[in-house]
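Thanks for coming, everyone. Let me put the structure up, and then we can walk through a few spots together.

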Amino acid sequence: MAAEEDPDKKGGVWVLDQQLDQPIDVEAKKVKETPINKKYSSTMLLQLAFQSLGVVYGDLGTSPLYVFDNAFPDGIVDKEDVVGALSVIIWSLTFVPLLKYVFIVCRANDNGQGGTFALYSLLCRHAKIKSVPNQDQTDEEVTTFSRNTFGEKSFAARTKRGLEGHAFLHNMLLILVLIGSCMVIGDGILTPAISVLSAVGGMNVHHKWISKEMVVLFAVIILVLLFMTQQYGTGKVWFFFAPIVLIWLLLIGGMGIFNILKYDRSILKAFSPVYVYRYFKRRGRLGWESLGGIMLSINGTETLFADLNHFPVLSIQIAFTVVVFPCLLLAYCGQAAYLMKNSNNVAFAFYQSVPDSIYWPVYVIAIAAAIVASQSTITATFSLIKQALALGCFPRVKVIYTSRHRHQIYIPDVNWILMILCISVTAGFHQQTQIGNAAGTAVVIVMLVTTFLMILVMILVWRVHWMLVLIFTSLSLLVEGPYLSAVLLKVDQGGWAPLVIATAFFVVMYVWNYGTVRRYDIEMHSKVSMAWIIGLGPSLGLVRVPGIVLVYSELASGVPRIFSHFITNLPAIHSVVVFVCVKYLPVCTVPEEERFFVKRIGPNNFHMFRCIVRYGYKDDHRKDDDFEEKLFDSLFMFLRLESLMEASSDDVSTILEQQDSETGDIPFDNNMSIPFSNSEHTITSVETIAQEDLSLNVSRALTMSHRASSNFEAEMSEIEYLHNCRDAGVVHMMGNTVVRARRDSNFVKHIVIDYLYSFLRKICRGNSVLFFVPQESLLNVGQILYV
């Protein structure tokens, strides 16, 4: 890119252009107070821990409905296999959700935001690997743009240089993130299917006359209602979720204690890791294959991390260690104790172990808990897509905020796609075993992606010793590697479903990102130099008509091609021109007071400005429905500050020139308010000079006052001029860009750009909708870019 060339090799025009269009650095320097350090009282933490049950742990909590069914699809041959499988479940819950996610991965949040893209955002801030390279130095001054520094010879610095120096590694990291994200989307389809189907399937445990087709039909009806009410469920009735999940967890925990005492207390020996070894030794390949079903016991762990943005980490840790973890262990132990005495009832083992007296209450609560689990998974999918959208990895779609305070969102287009795919999976597979194989494949791949991203986070962000990184990596792969090999063995038994779904979403996300990056590169290379604009004179070689034109572009410097295309084809342009650059930073949010930054371009009589509008991936565009009003408020504030700065700089420079001529060029320290002393001049002598020239200083003060008054009048006249232009009319100029592959491009590139990317651009939302631009004020400038 031209912006990355060596300045020493550039000509005078480039130097002039940089002087005319410098980055915004004065306004961006703010005191950093990251919101991650927000303190909570003990009462508030307990309250948030309770509320987190309904949003974060619904998916993990419903796993006992179907784990043993999928672990023993062909029945139980040896009762000792139940003990071994239970031991594997216990230690999997301990290592993966408890130790890895709750106490390690959740700490790698991005100012409270979790998920695959949150980890990617952290890495983008600590290394220059962002896919759309429109960041500059001023972005790092944003309050939430926190990053660490390290020595040049450290292991972290060497890793950073190696990562930044290879474009191939940038692309591979992006592909890894997209794969993990697509698997999360696949989990958002499969988890509601298996949760609801498993919960509903209990109806034919005591009523054998109910066919599987009726169970599937009932499950489909519930799923349709679930997705149709998704917009209201996440924002209006979320407070019902926590009591439902809490009752469910306490219920299955209590049933577990009851079954342990009733059937087999010796089942508690499964807490010994020795039985894990014995299990695999005794069952061999069958034991290895059963890991695909046991894997479902930790299903929902990635959802836990993705839904982290709703609650502080400490509240989630409290909820998991005090309530979720003990209740799940008791539930699995109770089912295993039941199966030790009733090994023939492994199908629907959960409902088989429920006492007849409480069967129907448990059945109703199970369906409610499955609905809550599905809600949490779908919500996690929405959060991930919102992050991907902001980072340029997903087409622009409509995002509805269902809760202003809890940042819960609803994406209609994605919701209907998930509903169609979820119903198709439920009706197509019929059996929860096949859906379980599919869900297990998605879960384990997401966990592996998180592991690899955490390696970089621990090195670049946390700066931990490489030995600790090695220990974390080894333990994670030791647990997740066998699970991956087990689920791959069941690709032909339903495990292909998430691979197909993830491939489809991956193509959409990668093509959109590729097209966006290529379009940005072409716009950067084809931008017009400010020196050329200045050479046209204050009138730009055109007739300046009253009014203001806002020229939208992704460029943070230079003049976009659509503007030069416009002024070379039409004889007139508005009196005031504001280049608006809207961009997303790899941060969760940009404080509203730091969102709009304005600077002047060229001489004052050109009346040209640049406004950079910055968002984080969590920010709500709905709050900027008065986008135009906020932009002009920032512009007027800039003019006032500019006038004050010019006045103070002129007065200081005049005083220094006069003082230098009188005192013999005393060196001046910019950080001090008075000259500092040297061998010839002391502070005392300066004070003496100041006392002797008191009358001269009074005259200077009168001069300063007169100049400040003149600057104030000039400022007010320009503000009044802008108000008059605004009253005359505001036009929003946007590029109606058509992207085409060059004729010499290969066949694959033609397919990607001319068909796939063009199709995605046609069906996605336009920028005019995002920024509430009225249609009567919109001016589209057509252009064709060849990439």
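Let's begin at Arg285, which is exposed, with a relative accessible area of 59%. For the wording here, buried means under 20% relative accessible area, exposed means over 50%, and partly exposed is in between, using a 1.4 Å probe and protein chains only. Please keep in mind that this is a predicted model, where local features need pLDDT of at least 70, side-chain atom pairs count only at pLDDT 80 or more, and totals for chains, interfaces and linings use all residues. Residues are numbered from 1 along each chain as its sequence is written, and side-chain values use heavy atoms, with hydrogens and water left out.

So what does Arg285 pair with in a salt bridge? Its side chain meets that of Glu289, at 3.0 Å from N to O. By salt bridge I mean a side-chain nitrogen of Lys or Arg within 4 Å of a carboxyl oxygen of Asp or Glu. Both residues lie in helix H13 (residues 285–289), 4 residues apart, about one turn of the helix. Helices (H or I, at least four residues) and strands (E, at least two) are DSSP runs, numbered from the N terminus. Glu289 is partly exposed, at 23%.

The structure holds 14 salt bridges. One of them joins the side chains of Asp81 and Arg282, at 2.9 Å from N to O. Asp81 lies in helix H5 (residues 79–102) and Arg282 in helix H12 (residues 274–283), so this pair ties together parts that are 201 residues apart in sequence. Asp81 is buried at 6% relative accessible area, while Arg282 is partly exposed at 36%. Arg283 joins these two in a network of salt bridges.

Another salt bridge is between Glu592 and Lys630, at 2.6 Å from N to O. Glu592 sits in the loop between E4 and E5, and Lys630 in helix H25 (residues 627–663), so the pair ties together parts that are 38 residues apart in sequence.

That brings us to strand E4 itself. Because 12 of the 13 residues of E4 (residues 572–584) are buried, the strand is largely enclosed by the rest of the structure. Which strands does E4 pair with? It runs parallel to strand E3 (residues 543–553), with 9 bridges, and parallel to strand E6 (residues 608–615), with 8 bridges. Two strands count as paired if DSSP finds at least two bridges between them. If you want places to look, Ile548 has Val576 as its bridge partner in E4, and Lys583 stands opposite Arg614 in E6.

One last stop is Thr62, in the loop between helix H3 (58–61) and helix H4 (67–71). Is Thr62 buried or exposed? It is buried, with a relative accessible area of 0%. Leaving aside neighbours within four places in sequence, Thr62 is in contact (heavy atoms within 4.5 Å) with Ser195, Trp248, Ala369, Ala370 and Ala373.
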